[in-house]
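Subject: Structure for you to look at

Hello,

I am handing over the structure below. Please read the notes under it with the structure open.

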Amino acid sequence: MTTYKSSWLCPSNIALVKYWGKKPEQLPMNPSLSFSLKQARTRTSVAIVPKSAERLRFLFEGKESSFDTRIRKYLDKLAIDLPWINDYSFEMESSNTFPHSTGIASSASAFGALALCLADLNSQLTGVSTEDDQFFQTASRLARLGSGSASRSVYGGFAWWGKSAAMKASTDCYAVPVSNQIHESYFSLCDAVLLVDSQKKKVSSSAGHDLMNNHPYQAARLAQANQSIEQLLGLMKTDGNRMAFIDLVEQEALSLHALMMSSTPSFLLLKPGSLEIIEKIRAFRHQTGLPVGFTIDAGPNIHLLYWKEDQEAVHAFIRTELLYHTENGEWLDDRVGEGPVKA
Ligand code: PMV
């Protein structure tokens, strides 16, 4: 009996224009743009065996994990599209290359890696090639059904997810790679993740997206996101205006938090330490003239964005001024990465 196996290492990603709000089938209300990280990755192996009473065995870092409930539901959802899923039992093992408590969104790398394995197994079973763009489109679509932002993790460099007049190939169904439209200087962008608070999220992503359904600023947000993404891509086509890039990215991050603060119910996810760091980053930019800024996910941790060539000055700044506001001085130095690899 042939055993089918697949194993992938897939990065997490950080959005510059945020996906916030979704329609049924996990389709996005607005287009988003992100880059994949180099260090923060998930390695997942999946083997399929003849169906037995135990449908799924899932080990995370060698131990049983409650994430298996979410994977079971995910497999049920995918079986509509990939009927072979119903004919097998699954043995999965997964681990992260970054500490679990860093507050880095691991659902993007986790579903990215799992979706790549399932797309690969699908290819092995059905004979569809894994070499072409089609394979990554399939993986991105499968990843989307697990976690929307995971759709962007199956590519290296920069990825765009969501239909927009500004991007010809864009669709809500899967993300598309856009690195070839972006100036090479943006590939030396770094992301220092400053861990302000590692506690579990106050609001799950799903509940957060739902807050946009009846949000008083929904129409304005959709207009803003569409405009921001078009402007940002325009800026990133050349190396001419790093400061304008930083301004727009910060505005996006703070808009996400403004939306959460003005939702019903309201969520305030930033901590005093997050605000201290934001103010210090802005003061540092003002004093030094360096293009250094921040973005933030749906949590209190600050992602400090800077260019590799400014690393020495930025690392000194982090050590002397910012680590004081982080939890146990914890941070992670990451940067734009090359994307997933078979592992
Ligand atoms: O993929 P989800 O459902 O966890 O949503 C992620 C949403 C943000 O991280 C806040 C923004 C984004 O585009 O990644």
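Here is what was found, starting with the basis of the model.

This is a predicted model, in which local features need pLDDT of at least 70 and side-chain atom pairs count only at pLDDT 80 or more, while totals for chains, interfaces and linings use all residues. Residues are numbered from 1 along each chain as its sequence is written.

The protein chain is divided into domain 1 (4-184) and domain 2 (185-335); the bounds come from an automatic or database domain assignment. Their C-alpha centres lie 24 Å apart. To the contact between them, domain 1 gives 29 residues and domain 2 gives 35 residues (contact: C-beta atoms, placed from the backbone, within 7 Å). On the domain 1 side, β1 (4-17) and β4 (32-50) each supply at least two residues, and the largest share, 6 residues, is from β4 (strands are DSSP runs of E, at least two residues, numbered from the N terminus). That side has 15 nonpolar, 10 polar and 4 charged residues (nonpolar: Ala, Val, Leu, Ile, Met, Phe, Trp, Tyr, Cys and Pro; charged: Asp, Glu, Lys and Arg; polar: the others, Gly among them).

The ligand is surrounded by 13 residues, and the closest are A15, Y19, G148, S149 and S205 (near: C-beta atom, placed from the backbone, within 6 Å). The shell holds 5 nonpolar, 6 polar and 2 charged residues. Domain 1 and domain 2 each contribute at least three residues to the shell.

Regards

Technical notes:
Two residues are in contact if their C-beta atoms, placed from the backbone, lie within 7 Å. Helices (H or I, at least four residues) and strands (E, at least two) are DSSP runs, numbered from the N terminus.
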